[in-house]
Amino acid sequence: MTLHTGSKTAAVCEGCGKAVAVWVSNDGTASPIGQRRGCSCGSNSLRLLGDGPSQTA
C-alpha cells in the first residue's frame, strides 16, 4: 500500500481533455489516482484546475 502526502485535486489531460483526479505531493508533482502513469490516453501532461502551473505526471 502506498501512502500519499499532499492533497487531492482535479486536473485536465492536455492530450485528450479528460478530467482526472490527482494527488499533488508536497513538492508539486501531480500523480493520477488509479493510474500508474499519466492519463489512460497515454499522455503524461496534466494541467491542474485552479491557480497552479501545469504539472507532468
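**View 1. Cysteines without disulfides.** Searching the whole structure turns up zero disulfides, a disulfide being a pair of cysteine sulfur atoms within 2.5 Å. Cys39 is in no disulfide, and its nearest cysteine sulfur, that of Cys16, lies 3.8 Å away. Cys41 is in no disulfide either: the nearest cysteine sulfur belongs to Cys13, 3.7 Å away. This is a predicted model, where local features need pLDDT of at least 70 and side-chain atom pairs count only at pLDDT 80 or more, while totals for chains, interfaces and linings use all residues. Residues are numbered from 1 along each chain as its sequence is written, and side-chain values use heavy atoms, leaving out hydrogens and water.

View 2. Strands (E, at least two residues) are DSSP runs numbered from the N terminus. In a regular strand the side chains alternate between the two faces of the sheet.

**View 3. S1 beside S2.** Two strands pair if DSSP finds at least two bridges between them. Strand S1 (residues 7-13) pairs with S2 in the antiparallel sense over six bridges. Look for Ala10, whose bridge partner in S2 is Ala21. Five residues separate the strands in this hairpin, and Gly17 takes a positive phi near 85°.

**View 4. S2 beside S3.** S2 and strand S3 (residues 30-32) run antiparallel, joined by three bridges. Here Val22 has Pro32 in S3 as its bridge partner.

Definitions and conventions:
Helices (H or I, at least four residues) and strands (E, at least two) are DSSP runs, numbered from the N terminus.
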